[in-house]
Amino acid sequence: MTTEHIYMIAAIDAALGVAVFFICFCRAVVSDAMVLRRVRLKFVLLGPASLAFGLSPLWGDWPGIINPLLLLAIIIGLLSETFQWHNGPPNSVKIDTMPNELKEHL
Amino acid sequence: MNTTPPYDIVAVLALVGGALFSNPQLSQALAPYATIFFAGLIGTMWSLSRRPTDLSPGHRLRGAMFMLRVIGAALIVTLPVALWVAPKLGVNQERYLVAPIAFVIGAVGDASDWKTLLVWLRDFVLRWKSGTPES
């Protein structure tokens, strides 16, 4: 792989890391204390971790071709549930509005 | 031999990113602040996700301003607090305290959250002194 290719992968990786962070940030903004802690924890950890993953060349850890693919898969996974978060957190993850049959599994 | 410089957006971004990323002196200088930033970011995301749901126009901007305030405070306050606390805890290298302190600053949140925490602490101490531990 040439230096240009490595730089290009690093730039794509950084852009995808920022994108994952932005999606997690948006979910965190619309969440509140009634959203299940485990759901909030997902966005709280995934956002900064993806940002650090995308900016890893800052501390000398250059990404390979697999890294952007992983971030892309995470983005697709997060975007696949966007419709549920369009008007705030879905009822299924809020303690106060959760259906009783889901509460049984907590 | 092809000597045409790259002009597409990805190639230009790659060159700019590469020039930024491949500077070892910059990496050395950024290391402690990157630690504070990411630890503070995790804490701030937690306090952000605890705030009441806000779907009015500009909610993302308000969320970003909240993060900017709290992470900015963490970047400014963490190192002095670590230097002050380290000798009291018997830790000889304050760098071990930087990440937990930044995380706590972020996790508590805004000025109003600090006020709530301090009032709770004051009440807790008063109750403890008077011998009534109930909340």
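Two residues are taken to be in contact here if their C-beta atoms, placed from the backbone, lie within 7 Å. Keep in mind that we're looking at a predicted model. On that basis, chain A puts 28 residues into the contact between the chains, and chain B puts in 27 residues.

Stay on the chain B side for a moment. Three helices of chain B, α1 (9-21), α2 (24-50) and α3 (59-89), each supply at least two residues of the side that touches chain A. The largest share comes from α2(B), with 12 residues. Sort that side of chain B by class and you get 17 nonpolar, 7 polar and 3 charged residues.

Now zoom in on one crossing between the chains. Helix α1 (residues 3-30) of chain A packs against α3(B) at an angle of about 100 degrees, and their axes are 10 Å apart. Angles of 65 to 115 degrees count as roughly perpendicular, so α1(A) is roughly perpendicular to α3(B). On the α1(A) side, F25(A), C26(A) and V29(A) make the contact, while α3(B) brings H59(B), R60(B) and G63(B). By class, the residues of this contact come out as 3 nonpolar, 2 polar and 1 charged.

Last stop: helix α2 (residues 37-54) of chain A. This helix has 18 residues and reaches 26 Å from its first C-alpha to its last, close to the 26 Å expected at 1.5 Å a residue. Which residues of α2(A) are buried? They are R40(A), F43(A), V44(A), L46(A), G47(A), P48(A), S50(A), L51(A), F53(A) and G54(A).

Methods. Residues are numbered from 1 along each chain as its sequence is written. Chains are lettered from A and ligands numbered from 1 in the order in which they are written. This is a predicted model: local features need pLDDT of at least 70, side-chain atom pairs count only at pLDDT 80 or more; totals for chains, interfaces and linings use all residues. Helices (H or I, at least four residues) and strands (E, at least two) are DSSP runs, numbered from the N terminus. Ala, Val, Leu, Ile, Met, Phe, Trp, Tyr, Cys and Pro count as nonpolar, Asp, Glu, Lys and Arg as charged, and the others, Gly among them, as polar. Axes are lines fitted to C-alpha atoms, for helices over the stretch in contact, and angles run from 0 to 180 degrees between N-to-C directions. Angles under 35 degrees count as roughly parallel, over 145 as roughly antiparallel, 65 to 115 as roughly perpendicular and the rest as oblique. The expected span of a helix is 1.5 Å times one less than its number of residues. A residue is buried if 20 or more other C-beta atoms lie within 10 Å of its own, exposed if 12 or fewer, and partly exposed in between; C-beta atoms are placed from the backbone.
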